[in-house]
Each structure stands twice: as structure tokens, then as C-alpha cells.
Amino acid sequence: MSIQVKEVKEQIRQRWNESAEEFDQCPGPGIHSEREKKAWQAILVNAVGGKQLKILDVGTGTGFIALLLAEYGHSVTGVDLAEEMLAQARDKAKRQKLKVKFQYGDADELPFEDNVFDAVINRHVFWTMSDPEKAAAEWARVLKPGGKLLIIDGDWNNFSSWKKIWKAVATITVGLTEGVDSSTKSHGLRDFEKELPLRSQKRPEADLRILRALGMKEAEMVRFKDPRAHGLLDNLKYGYYQRFVVTAIK
Ligand SMILES: C[S@@+](CC[C@H](N)C(=O)[O-])C[C@H]1O[C@@H](n2cnc3c(N)ncnc32)[C@H](O)[C@@H]1O
């Protein structure tokens with residue numbers, strides 16, 4: 001690993017360790033209502049399928065995806081390089097009485113053999129990769145032939161002018177109604193993150209291109225509305241998010 005890549009990874013690790021305690025309270029990542037939880041579960045069931053599978057959640061963070069999948073009876077392993085995020089995930093699993101294996105692991109040097117998982121999933125992680133092509137190749141490596149790779153993310157960067165205005169109004173509205181300043185909490189972008197490769201690329205087009213170049217089959221994308229955007233006020237606050245699930249088969 002080059003010194004520069006090592007430095008970026010260390011910055012990423014520190015950044016998420018610092019955010020771990022407040023992460024689930026932030027408007028974006030956490031679950032804030034039963035309706036929101038059900039919407040996320042529906043998205044996952046639709047994308048992963050109902051059959052009980054062996055699933056890897058890469059960059060699991062506080063275990064958002066891993067725990068939702070475990071509730072459906074999947075056998076889930078969550079890896080992350082930020083120990084504080086993993087500690088939060090383990091606490092949540094204990095409180096929810098769910099069995100998930102949370103362990104330290106680097107997304108582009110995974111501690112697993114080839115061809116072991118039925119599905120590899122990640123949410124809000126691909127954009128943080130310093131080498132997205134390498135990371136995606138690593139995720140494909142640990143998938144069984146016929147297994148499914150799922151990338152859940154958003155095109156956080158390419159807002160049209162009116163969406164930029166909407167986002168600014170939404171940020172103020174969230175601050176006023178929830179007492180949360182989303183620009184300074186864990187989701188405020190750090191300087192080094194502005195330079196990450198996927199920040200400057202149009203998504204999910206870049207995701208599809210990377211997966212197809214790896215020889216993954218049936219690469220496709222489904223857009224979905226942010227699960228929080230329900231009703232007039234919440235649509236104003238969260239409706240501008242463009243989210244998508246990219247799937248491909250090994
Ligand atoms: C925005 S958080 C998303 C967490 C979780 N997937 C979710 O949906 O709430 C990004 C996570 O990716 C992790 N991460 C970033 N780079 C990583 C890497 N190279 N290997 C493992 N985890 C990584 C961070 O530590 C952080 O927990």
C-alpha cells in the first residue's frame with residue numbers, strides 16, 4: 001500500500017471514529033421512525049431477496065444494513081476499519097438481540113477467502129473509497145459465482161442549481177425543526193474527502209461502468225426516494241436526496 005493511500009485510510013478511520021457516537025442521530029444515516037425502518041427493509045428485501053443468505057456488509061459503520069438484514073434471518077458479517085463505529089454496531093446488536101459478526105476489515109483488502117458470500121452489500125461507502133476500482137474488485141472476489149453485489153448510495157455531488165437551493169433551504173429547515181446542524185455534524189464533508197475519486201464522477205453511471213469493467217453481469221440500477229421523505233414537511237427536508245441501488249451478478 002502506498003504511503004499516500006495509507007494516509008488517506010488513516011484519515012478515513014479517524015474521521016469515522018470521531019463521528020461514531022453521534023452517527024445514528026444524524027438525519028441521513030440513522031432510522032428515525034418505524035415507517036422509515038419498514039421502507040429500508042422493503043428496499044433490502046427487494047434487492048437481496050427473501051431467501052436466507054450469507055451476506056457481507058462492507059463499511060458496516062454502526063451496523064445499519066447488517067442489523068436490518070439479520071432481522072430477516074440472513075447470516076451477516078459486517079466489516080469496518082473504524083473501531084468506534086464497530087463498537088456502536090456491537091452494542092446495537094446486543095440491545096436488539098441480533099446475531100451479527102462485526103469485525104475489523106479493510107474494504108479493499110478483505111480478510112476472507114475467495115467465493116464465500118452469497119451477497120456483498122454496502123451503503124454510503126463506495127464514495128469514501130480512495131480506489132473504487134480496487135474495492136469493487138475485492139468485493140467481487142469474495143462473492144460466490146452467481147452471487148450479488150449491491151451498492152446503495154446517492155449522487156451527493158451533482159445537484160442541479162434548483163436542487164442546491166432546495167438543499168440549502170432543507171438544511172435550515174432541518175436545523176429549525178430538529179435542532180440538528182447537518183453541515184457541522186458527522187456529515188459535514190472533510191477537506192480530504194472532497195478529493196476522493198467518486199466525488200467528481202456522475203453516479204450511478206460510474207458505479208455501473210466499474211462493475212461492468214470487472215466482468216460483472218446484469219449490472220443495473222434502481223433509484224428510490226429517501227425513506228424519510230414522507231409528507232410535505234419531510235419531503236421538503238429530505239426529498240432532494242437522489243438515492244440508488246446498483247446491483248450486479250458475479
Ligand atoms: C457513511 S459511513 C456508512 C456506514 C453504514 N454503511 C451505513 O449505511 O450507515 C461510511 C463507513 O465506511 C467505513 N469505511 C470507509 N472506508 C473503509 C475501508 N477502506 N474499509 C472498511 N470500512 C471503511 C467508515 O469507517 C464508515 O463506518
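**Helix H4 and beyond**

Author: Just after H4, Lys-97 has a positive phi of about 55°. Helices here are DSSP runs of H or I with at least four residues, strands are runs of E with at least two, and both are numbered from the N terminus.

Reader: Before going on, what kind of model is this?

Author: This is a predicted model: local features need pLDDT of at least 70, side-chain atom pairs count only at pLDDT 80 or more, and totals for chains, interfaces and linings use all residues. Residues are numbered from 1 along each chain as its sequence is written.

Reader: Back to Lys-97. Where is the place of Lys-97?

Author: Lys-97 sits in the loop between helix H4 (83-95) and strand S3 (101-104).

Reader: Is Lys-97 buried or exposed?

Author: Lys-97 is exposed, as 6 other C-beta atoms lie within 10 Å. The cut-offs: buried means 20 or more other C-beta atoms within 10 Å of the residue's own, exposed means 12 or fewer, partly exposed is in between, and C-beta atoms are placed from the backbone.

Reader: Which residues of H4 are buried?

Author: Met-85, Leu-86, Ala-89 and Ala-93. They cover an arc of only 95° around the axis, so they are on the same side of H4. The arc is that of the directions from the helix axis to the C-beta atoms. Lys-94 and Arg-95 are exposed on the other side of H4.

Reader: What should the 13 residues of H4 span?

Author: They should span 18 Å at 1.5 Å a residue, and the end C-alpha atoms of H4 are 18 Å apart, which agrees. The expected span is 1.5 Å times one less than the number of residues.

Reader: And how many residues has H2?

Author: Helix H2 (residues 34-48) has 15 residues. H2 reaches 21 Å from its first C-alpha to its last, close to the 21 Å expected.

Reader: Switching to H7. Which of its residues are buried?

Author: Asp-207, Ile-210 and Leu-211 are buried in H7. Seen down the axis of H7, the buried residues fall within an arc of 95°, so they line one face of the helix.

Reader: What do the buried residues of H7 pack against?

Author: They pack against H5, strand S5 (143-154), strand S6 (217-224) and S7. Contact here means C-beta atoms, placed from the backbone, within 7 Å. After H7 comes Gly-215, with a positive phi near 90°.

Reader: Which peptide bond is cis?

Author: The bond from Arg-203 to Pro-204 is cis, with omega near 10°. Pro-204 is in the loop between helix H6 (161-178) and helix H7 (205-213).

Reader: What about phi of His-124?

Author: Phi of His-124 is near 60°, a positive value in a residue other than glycine. His-124 lies in the loop between strand S4 (117-123) and helix H5 (132-142). With 19 C-beta neighbours inside 10 Å, His-124 counts as partly exposed.

Reader: Now the ligand. How many residues surround the ligand?

Author: 21 residues surround the ligand, and the closest are Trp-16, Gly-59, Gly-61, Ala-107 and Arg-123. A residue is near the molecule if its C-beta atom, placed from the backbone, lies within 6 Å of it.

Reader: Where does the largest share of the shell come from?

Author: From H1, which gives three residues. Helix H1 (3-23), helix H3 (64-71) and strand S2 (75-80) each supply at least two residues.

Reader: How do the shell residues divide into nonpolar, polar and charged?

Author: Eleven are nonpolar, five polar and five charged. Ala, Val, Leu, Ile, Met, Phe, Trp, Tyr, Cys and Pro count as nonpolar, Asp, Glu, Lys and Arg as charged, and the others, Gly among them, as polar.

Reader: Last topic, the core. Which residues touch the most other members of the largest nonpolar core?

Author: Of its 52 residues, Ala-66, Leu-69, Val-120, Trp-139, Leu-149 and Leu-150 do. H3 gives the most to this core, with seven residues. A nonpolar core is a set of buried Ala, Val, Leu, Ile, Met, Phe, Trp, Tyr and Cys residues joined through C-beta atoms within 7 Å.

Reader: What does Trp-139 touch?

Author: Val-58, Val-120 and Leu-149, not counting residues up to four places away in sequence.

Methods: Contact = placed C-beta atoms within 7 Å.
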